[in-house]
Amino acid sequence: MSERRSRSEGTGRSRSESGSGSSTARRPGTYGDYGGQYVPEALMPAITELDDAYERYVRSNAGGFMDEFASRIADFGGRPTPLQYAEELSDRYDFDVYLKREDLLHGGAHKLNNALGQCLLAKYMGKERIVAETGAGQHGTATAMAAAHLGLDCEIYMGTRDIRRQRPNVFRMRLNGAEVNPVTAGRGTLKEAISETMRDWATTVEDTHYVIGSVVGPHPFPAMVRDFQRVIADEIREQSEEKFDSLPSSVVACAGGGSNTMGAFAAFAGDAENGDAATDTADTADGADTSAVGLFAVEAGGSSLSVDEDRGVAPNSASLSTGSEGVLHGARTKLLQDGHGQIMESHSISSGLDYAGVGPELAHLVDTGRVQAVSVDDDRALEAFHRLSQNEGIIPALETAHAIAWLDDADPEAVGDRVVVNVSGRGDKDLESALEETAKRDLDIAPDMDVFDAEAMTNGSSDIDVEDESR
Amino acid sequence: MSAIGAAFADEPAFVPYLAVGDPDADASVEYVRALERGGADVIELGLPFSEPIAEGPTIQDAVVRSLDGGMTPAAFFETVSRLDVDVPLVCMTYYNLIYQFGRRTSGDPGPEAFVERAAEVGIDGFVVPDLPAEEAGPLRTACDEHDLDLIFIVAPTTRGERLERIMARVSGYVYVQARLGVTGARADVSTRTAASLDRLADWDVPKAVGFGITTGDHAREVVAAGADGVIVGSVLVDLIAEGNEAGDPVETVADRLEAKARELKQGALDGATSKTGVEADGGAGPETGAERESGTELGTETEVGGRTQAGTGTDAGTRPERK
Ligand SMILES: Cc1ncc(COP(=O)(O)O)c(C=O)c1O
């Protein structure tokens with residue numbers, strides 16, 4: 001055995017990996033038992049290089065990187081986004097509801113915070129080409145915009161099913177000059193798109209940066225994406241102080257991979273990363289007790305929280321609520337998997353939540369009890385989509401609609417009197433699938449669409465195609 | 001020396017890969033036999049995982065066929081236990097299956113149960129493409145407990161400290177990834193192979209090159225450039241897929257695999273001969289003295305004992321040392 005094998009692996013103390021083995025070294029990028037870097041060797045040098053760049057530019061602001069980011073996300077992105085008091089929702093519940101309007105960020109979702117940050121970092125690192133996966137198309141769109149803005153080549157991988165569900169976003173990516181590569185494997189959703197992007201990156205890693213779209217993947221991605229999204233929480237904090245002179249009692253966000261979630265929670269959650277000095281203690285310099293802020297992550301309950309082991313299908317995307325620990329796409333985290341460890345096909349009415357994994361830090365925060373994981377099914381999300389559209393004049397993304405819908409379940413005692421909901425995105429991209437899904441159900445709240453001549457629709461001459469693909 | 005190490009000791013090794021259960025377990029048993037008849041020295045048996053991020057389309061499709069056919073880790077072990085071949089067997093799979101096997105069988109997630117079961121059915125080592133050296137501690141420990149080898153992949157981008165870290169953990173052979181990217185048959189041998197082999201020349205561990213090797217000529221070139229073996233997957237998986245689609249009987253496909261195996265093994269042998277004859281054939285680049293020495297041995301019948309191993313009489317799990 002070589003002298004170079006220095007870590008105290010396999011002490012024999014425990015046959016489980018928990019708390020021993022690979023995590024003994026307190027490597028950065030591990031969150032309790034989660035996180036790590038489970039990627040092919042071909043990617044490891046690039047990930048190490050990225051980690052160095054992350055430390056230098058993002059965490060230490062070398063070369064004024066974070067200042068440039070702040071200035072670009074303001075001028076190009078439109079930050080800060082408002083924290084809006086929601087009158088109708090506040091009337092409906094026994095607590096005040098404030099909406100953090102990430103739907104007003106350029107591109108229509110929180111995704112630009114991360115996409116612009118990573119594209120800028122790629123530039124600082126001297127990479128010329130960007131690849132990214134996308135589910136709902138929001139991350140792909142944001143990445144295509146950021147790449148065009150910064151003069152980088154851009155290729156997006158997107159599952160064929162998602163391409164069908166999110167056509168407007170495909171057009172937007174193409175308009176910004178990005179290639180869109182359809183991924184046909186599996187069910188053609190986010191999981192397959194991530195795998196295919198990793199394959200591209202393994203081939204092109206020397207001149208290409210992979211702009212991953214959520215707080216998932218190998219370290220440093222979960223930490224780095226959180227840091228770029230953290231601006232949401234920092235603004236919520238500042239705006240809360242301005243508006244009602246205290247911290248919010250709770251923050252609610254939907255969770256797919258969990259980037260809008262971690263972004264909205266980051267200033268309140270404390271630092272869960274091992275091996276790092278805690279940068280956020282619960283009691284902060286300004287004396288505010290962030291640990292008292294309730295944090296609620298709303299997952300997609302799909303059509304049911306049960307799973308079909310034989311078919312390898314989970315009709316939901318609730319990995320925090322129903323998943324188990326495993327390794328996927330570079331990280332140890334909570335996953336939807338069968339008993340053998342094969343990853344399940346997930347489901348959600350919203351493409352952006354339709355993923356069998358979740359960010360490792362968020363999974364850890366749920367395990368420690370700091371964040372509560374809850375879920376909302378397809379029907380209720382769709383109902384909330386219509387309700388917010390009609391009552392507040394905001395058409396939310398179907399992802400966001402899950403967070404809105406959950407307010408119906410919120411115990412006023414538990415969430416307190418001032419609840420901030422992160423409106424992660426606007427619903428323009430979802431119009432087709434929302435109409436389609438509405439047509440399948442008999443929703444009282446849904447507007448009728450008789451305005452489109454029924455005959456024109458069956459002739460296929462209408463721009464709006466409400467045909468149900470499952471028939 | 002471990003069975004795997006011994007397989008590289010006398011002549012360049014031919015290491016074929018196939019996905020077990022493609023299209024079914026019985027066919028895989030026949031195919032493994034055919035590969036042995038064709039001259040395989042080590043056989044890599046793929047246990048299919050639903051997210052094969054290191055594989056190109058050919059092996060992705062094989063994974064789908066195998067999973068659709070109902071392949072599971074338990075069925076994989078059962079199939080391996082039925083194999084009546086003499087060559088060492090390497091299990092190639094992704095970490096989540098290894099990790100979850102523990103949870104399923106003993107309630108305790110982790111690699112020990114998987115490794116123990118693999119040892120029972122006659123597996124000699126593992127290669128796990130999504131498990132870099134940094135995360136491999138628990139699996140390395142389990143392999144050491146059961147005297148099995150743990151093979152690591154070295155990419156064209158792997159150098160310096162990373163290479164050292166891998167060398168501190170690898171045993172059996174080093175899987176030299178010929179090119180960046182994913183598995184898949186290619187028309188040519190990557191020009192980066194020679195440079196990769198060069199970086200490894202100082203280490204006394206067998207170097208097997210894979211990713212894209214498709215023909216006997218490729219095998220010859222790669223061995224002439226200093227490889228101790230060739231790993232071949234996609235072109236064999238293609239033969240299986242084509243036979244499958246045409247509805248050919250298993251024996252017919254097995255015969256084709258055997259013939260292809262012969263071509264590849266012969267190519268590897270030819271490569272050893274040309275390497276002895278001419279220095280730096282095939283653009284191998286500057287060779288170190290150490291490598292030249294081992295190259296000379298390749299062409300001879302002399303028993304110099306442990307050409308590539310860290311001395312004689314070592315067991316599975318022995319890490320390489322610098323020559
Ligand atoms: C509007 C919107 N919200 C939420 C998400 C889910 O992603 P995450 O959980 O990373 O915030 C997406 C993903 O596409 C999205 O487009």
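I began with the bridge partner of Thr134(A), which in β6(A) is Met158(A). The model is predicted, so I kept to local features with pLDDT of at least 70 and side-chain atom pairs at pLDDT 80 or more, while totals for chains, interfaces and linings use all residues. Residues are numbered from 1 along each chain as its sequence is written, and side-chain values use heavy atoms, with hydrogens and water left out.

I then looked up the pairing of β5(A) with strand β6 (residues 153-159), which is parallel over 6 bridges (two strands pair if DSSP finds at least two bridges between them; strands are DSSP runs of E, at least two residues, and helices runs of H or I, at least four, numbered from the N terminus). From β5(A) the chain passes through helix α5 (residues 138-150) to β6(A) in a right-handed β-α-β crossover, that is, clockwise from the first strand over the helix to the second when the strands point away from the viewer.

I found that β5(A) also pairs in the parallel sense with strand β8 (residues 208-210) over 3 bridges, where Arg129(A) stands opposite Thr208(A).

I checked burial next: 6 of the 6 residues of β5(A) (residues 129-134) are buried, so the strand is largely enclosed by the rest of the structure (buried means under 20% relative accessible area, 1.4 Å probe, protein chains only).

Last, I turned to the ligand, where an oxygen atom lies 2.5 Å from a side-chain N or O atom of Ser214(A) and an oxygen atom lies 3.1 Å from one of His110(A).

Key. Chains are lettered from A and ligands numbered from 1 in the order in which they are written. Buried means under 20% relative accessible area, exposed over 50%, partly exposed in between (1.4 Å probe, protein chains only). A polar contact is a pair of N or O atoms within 3.5 Å; within protein, one must be able to donate a hydrogen and the other to accept it, and residues adjacent in sequence count only if both atoms are side-chain atoms.
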